[in-house]
Amino acid sequence: MDSTFPVAVELDGTTHTVSITVGPIEHRTEPDGFGGSRTGLDVRMELLAPEAEKPVTFFLSRLKGEPEWVIDAKFGPNGMPHFCHGFGSRVTIAKTVIPEVADLLDDVARDRAVVAHIGRGVPLDLSS
């Protein structure tokens, strides 16, 4: 179930409206390689900038207890990877989404009833 939303983003004193398409937000659990596992939310998001022909694609995760959405992978409009880490990988410095995008993702997760608690700075608590 993909949903598309306009999001106003301010950069250098100018407001730009981007189009963001959010794919399914899914609960996911993966082994972490150290005998445990990573559990959280997994989502694909496409961001279409003003006057761009094709969107940039992001794969994002937010693990249980985390207060922010982290970018796991980013692919350019031509499909070329900028970087690609596995779901919930936190072995490199985490790159997070800007607050306007995080707020949208939080709202979508609430609307789709996949979380018990989520928000800016609020540790993720998954619904049962």
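**Reading the sheet and the core**

Modeller: In this predicted model, six strands make up an open sheet, ordered β1-β2-β3-β4-β5-β6, with antiparallel pairing.

Biologist: Which strands stand at the edges of the sheet, each with a single partner strand?

Modeller: The edge strands are β1 (3–11) and β6 (81–84); each has a single partner strand, so one side of each is left without a neighbour in the sheet. From one strand to the next, the twist averages 35°.

Biologist: Over how many bridges do β5 and β6 pair?

Modeller: Strands pair if DSSP finds at least two bridges between them. Here β5 (residues 70–75) and β6 pair over three bridges, in the antiparallel sense. Within β6, Cys84 is the bridge partner of Ala73.

Biologist: Which strands does helix α1 touch?

Modeller: Helix α1 (residues 99–111) packs on the sheet and touches β1, β2 (14–31), β3 (37–48) and β4 (56–63). The direction of α1 makes about 50° with that of β2.

Biologist: Which residues of the largest nonpolar core touch the most other members?

Modeller: A nonpolar core joins buried residues through side-chain atoms within 4.5 Å. The largest one has 27 residues, and Ile20, Val22, Ile25, Leu41, Leu60, Trp69 and Leu105 touch the most other members. Two or more residues each come from β1, β2, β3, β4, α1, β7 (115–119) and β8 (122–126). Helix α1 gives the largest share of this core, six residues.

Biologist: What does Val22 touch, not counting residues up to four places away in sequence?

Modeller: Val22 touches Met1, Asp2, Ser3, Phe5, Val43, Arg44, Leu104, Leu105, Val108 and Arg112.

Note on methods:
Residues numbered from 1 in each chain as written. Predicted model: local features only at pLDDT ≥ 70, side-chain atom pairs only at ≥ 80, totals over all residues. Heavy atoms only, no water. Helix = DSSP H or I, 4+ residues; strand = E, 2+ residues; numbered from the N terminus. Axes fitted to C-alpha atoms, helices over the stretch in contact; angles between N-to-C directions. Contact = heavy atoms within 4.5 Å. Buried < 20%, exposed > 50% of the residue type's maximum accessible area, 1.4 Å probe, protein only.
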